[in-house]
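Please read them with the structure open beside you.

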Amino acid sequence: MRRILQKIIHKGLVTEPLKTEENQIKVLGERLNEVMRRRFQGSLAIRQVDAGSCNGCELEIHAMNNAYYDLERFGVHFVASPRHADLLLVTGPVARNMETALKMTYDAVPNPKRVVAVGDCAVCGGEFGISYASLGQVSNVIPVNVTVAGCPPSPTDIIRGILKAVQ
Amino acid sequence: MNFDLNEHLARLINDAGGKAEEVAGRPPCLRVSSTDWDLSVRVAVKADLRFLAVWASQEKTGFSIHAAFSQKEKGYALMTMQLDAGQDEFPSMVPYYVSSARMERVIHDMFGLIPVGHPDLRNWIKHEHWPDKTYPLRKDFPVATVMPRQEGFYPFIEMDGEGTHEIPVGPVHAGIIEPGHFRFIAVGERILNLEERLGYVHKGIEKSMEERDVFSASRLAARISGDATVAHSWAFCLAAEQAAGIGVPPRATILRAVLCERERIANHIGDIGAICNDVAWSFMHVQCQILRENLARLHGSLFGHRLMMDCVTPGGVTCNLDAEGIKSLLEQTQEVAREMNKLFQIYEDQTSIRERVIGSGTVDFENARDMGLLGYVGRSTECDIDARRDAAYAPYDKIPPAVKTCRGGDVSARLWIRFEEIQESANLIDKLLTEIPQGPIQEAWQIPKEGDGGFSAVESWRGEIATWIRFGANGKIDRSYVRDPSMINWMGLELAVRETVVPDFPLSNKSFNCSYSGHDL
Ligand code: SF4
C-alpha cells in the first residue's frame, strides 16, 4: 500500500490543464464542459461500435480516457449498451458481416441520437474502400452527423468531433 | 529468413517413401504430389515440426495448397502441391494438426476447395447471409462484386443436458473492443464450452491486396491489425523484398527492429494495465495508460505517427533518427522499463490481485504444443517459440533476443512473461541503438519477376506473423496470404476458459488479447 501511495504521489497529476497542442484541449475542454452542463445535465453517454476497423482507431479512443485527456472529467463516459447511449462513435469501414449488427445498434439508441464516424475508414472507406466484403464509409449504412478524419485521428481530434456533434 | 528446414523435411519425406522435390526458387520450397500430401504431413507431425499455416492459391490451371512448418533453430519449411485442373479436393491436415481446422475452413469458404476428412466444414468467414457458391479468392470473382443477401443460419454446437444453458455474447461487445460472437454453454456460471464465431470484421484484405503495386499493398498490410502495424508491415516488406531480391540497408533494419520493439513495449504495457483493470485494480491501469501515452507521444514527434503506421515500407523505412532522437528514444525506453519494474514489484505484493490471476484461464503444455500457441500465450506455458530467433531475420541474426518461457499457462504466467518481455525489449533497443550504423535508410525497389514471391515470419508483440506473397505481371500482387498469430491463439482461448466461470471470461480473454481484424482479414 505504501508503495502504491508513493507511486501515486510521485507521479502527481498528469491530467493536462489541457493546454498542450496549442491550447486545444483547454479550449475544447471548457467548451465541452459547458455544452455538457447546459444540454446533457453534465453527462453524455457514448456507445462505441467497431464496424470493421483495424483496431487502430480503438487505441486512440481508449487514449481519450487516459489520465492526460481524462475525458470523463467532462461528464463524457462510455456505456455498455446502446440503449443507454446518447451518441454512437463508429469506427472502420462497415464490414458486410457487421452491417446488421451496426443497424441494430443504431436502432437501439434512443432518439434524439448523434453519430460520429471516427477515422478515415469510417469517413470515406479509407484503405479498404468498397469491396465484396466492405460497404465503405459509415454513412452508406446509417446516418452520420459528424466525421473525424485521420488514420487514426488523434485523441484531441476525436474529442473535437464529439464536441461538434453535441453542440 | 532461415529455410534450412526445407532440406530436412525433404529427406524425411523421401525416407518415408514419398517424393519431395526441393525447388530453389523465390521463396525456396518443397514440391510434393497431391497423392503424397497426406504422407508428408504425417511425416512432419512425426518429426515434431510445428505447424504454421495452410493456404491456397489459384494457378493458371487449377489450384495449389501450401503449408508452412517450423522447428526452432532449424528454421522454416514451405510445402506446396498443385491440384490437377478440375480437382477441388485435397486431404485435410486436421487429423494431424488441429490448428489447421479453421484455416482449411477459410480455404473452403474462399476457394470452394474441399478438405477431405475435415470434421467440421461449417462456414467460417463466409457468414450465413452470403450467397452460396461465392468464392471471393478465385480469380473469376471481381473484388467489387456486390453480393445479394440471403437468409440463412449458423448451426452452433448444442448441448441439451439438464441444467445447461446458452449465453450468446456479441458481436457488439460492452467495451471499446472489436466485434466477435461468443456462445457459452454453461451450468450455473461454470463454462462447459465456449464456441467462437468470428469473421465479423472481414474486409476482404487478401482479395484487395491482389492487383495492387507493392507500395499500395504495404499500406494495406499496415492496417491488417492496427495495434501491430509495424510488425505486419515488416512481415509484408520482408516477403516482398525476398521476391524482388533486394537487401535493406543495415541502418533501416535496425530502425525497423527499434520500432517493432517499441510497439511490443507499448502493447504489453497497455494490456498489463487493462488486465489489471479487469480485476478492478485501476491503479495499475492508470499508471500503464500514462506510460503508454508517453510512448505514443514520442512516436508522434519522432516518427510522425503515434502508432508508427506506414513507417516501414518496401526497401527500408521512411523515418530516420538524428542523434537527438536516438537519445530521447533511449532515455524514454529506459525510463519506462524502470517504471514497469517498479510496478511489477507493486503487483507482486497485491495478494488479492494475484489470487484472481493465478490459476485462471489455464492452457497446459501438451495442448499448447499441439495447437502451436504463439507469442506470450505459448511462451507462458513452455512453448519456446520466437520468430526473431527461429527465422533469424536481420537484425536479430546479429542481435538475438533472450527468449524466456515459463510454466503455468494461466493469466498470471501470461502477465509475468509480458513484464519480462518489456525488459528484454528495452535491452534490445539499447543494443540496437548503440550499434546503429550510419547510412541510407531506403533501397530502391525493383519489380519482381512474374511468379516470384516471398515468405516471412516476424515476431509481433502477439506472436509470430507468417506472410506469403506472390507477384504477378508488372509488379502487381497476384496473391497475398497472411496468418496473424490470433488465427491460432483464438483456439487456445476456447480451451483456456473451459471449467472456469463466466465472469472470469473477460479476464482470460484480455490476457490472450487476440486480434479480430488480424484473424478475419
Ligand atoms: S482509419 Fe486507420 S486506424 Fe482507423 S480503422 Fe481505418 S485503417 Fe485503422
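**Notes on the predicted model**

1. The largest nonpolar core has 177 residues, and those that touch the most other members are B:Leu9, B:Phe69, B:Phe236, B:Met284, B:Met340 and B:Phe455; a nonpolar core here is a set of buried Ala, Val, Leu, Ile, Met, Phe, Trp, Tyr and Cys residues joined through side-chain atoms within 4.5 Å. Buried means under 20% relative accessible area, exposed means over 50%, and partly exposed lies in between, with a 1.4 Å probe and protein chains only. The element that gives the most to this core is helix H7 (residues 250–278) of chain B, with 13 residues, and helices (H or I, at least four residues) and strands (E, at least two) are DSSP runs numbered from the N terminus. At least three residues of this core come from each of domain 1 (4–116) and domain 2 (205–520) of chain B. A second, separate core of 30 residues has among its members A:Ile61, A:Val76, A:Leu87 and A:Ile162.

2. On conventions, this is a predicted model, in which local features need pLDDT of at least 70 and side-chain atom pairs count only at pLDDT 80 or more, whereas totals for chains, interfaces and linings use all residues. Residues are numbered from 1 along each chain as its sequence is written, chains are lettered from A and ligands numbered from 1 in the order in which they are written, and side-chain values use heavy atoms, with hydrogens and water left out.

3. Chain B is divided into domain 1 (4–116) and domain 2 (205–520), with bounds that come from an automatic or database domain assignment. The C-alpha centres of domain 1 and domain 2 of chain B are 27 Å apart, and 27 residues of domain 1 are in contact with 32 residues of domain 2, where contact means heavy atoms within 4.5 Å.

4. B:Met284, leaving aside neighbours within four places in sequence, is in contact with B:Ile272, B:Gly273, B:Cys276, B:Leu343, B:Tyr347 and B:Phe419. B:Glu263 sits in helix H7 of chain B and is buried, because its relative accessible area is 4%. Not counting residues up to four places away in sequence, B:Glu263 touches B:Asp227, B:Ala228, B:Thr229, B:Val230, B:Ala231, B:Leu307, B:Met308 and B:Trp461; of these, B:Val230 is 33 residues away along the chain, with a C-alpha separation of 7.2 Å.

5. Over all chains there are 49 salt bridges, each being a side-chain nitrogen of Lys or Arg within 4 Å of a carboxyl oxygen of Asp or Glu. One of them joins B:Glu241 and B:Arg256 (2.7 Å, N to O); B:Glu241 lies in helix H6 (residues 229–244) of chain B and B:Arg256 in helix H7 of chain B, so this pair ties together parts that are 15 residues apart in sequence. Both B:Glu241 and B:Arg256 are buried.

6. Another salt bridge joins B:Arg264 and B:Glu261 (2.9 Å, N to O), and these two buried residues are separated by about one helical turn because they are 3 residues apart in helix H7 of chain B. Both belong to a network of salt bridges that links B:Glu261, B:Arg264, B:Arg379, B:Asp386, B:Arg388, B:Glu421 and B:Glu459. B:Asp384 and B:Arg389 also form a salt bridge, with the closest N and O atoms 3.0 Å apart; B:Asp384 is partly exposed at a relative accessible area of 24%, whereas B:Arg389 is buried at 18%.

7. Some backbone details deserve a look. The peptide bond from A:Asn111 to A:Pro112 is cis, with omega near -10°, and A:Pro112 lies in the loop between helix H4 (99–108) and strand E4 (114–118) of chain A, where A:Pro112 counts as exposed at 74% relative accessibility. The peptide bond from B:Ala394 to B:Pro395 is likewise cis, with omega near 5°. B:Ala280, a residue other than glycine, has a positive phi near 65°; B:Ala280 lies in the loop between H7 and helix H8 (282–303) of chain B and is exposed at 70% relative accessibility.
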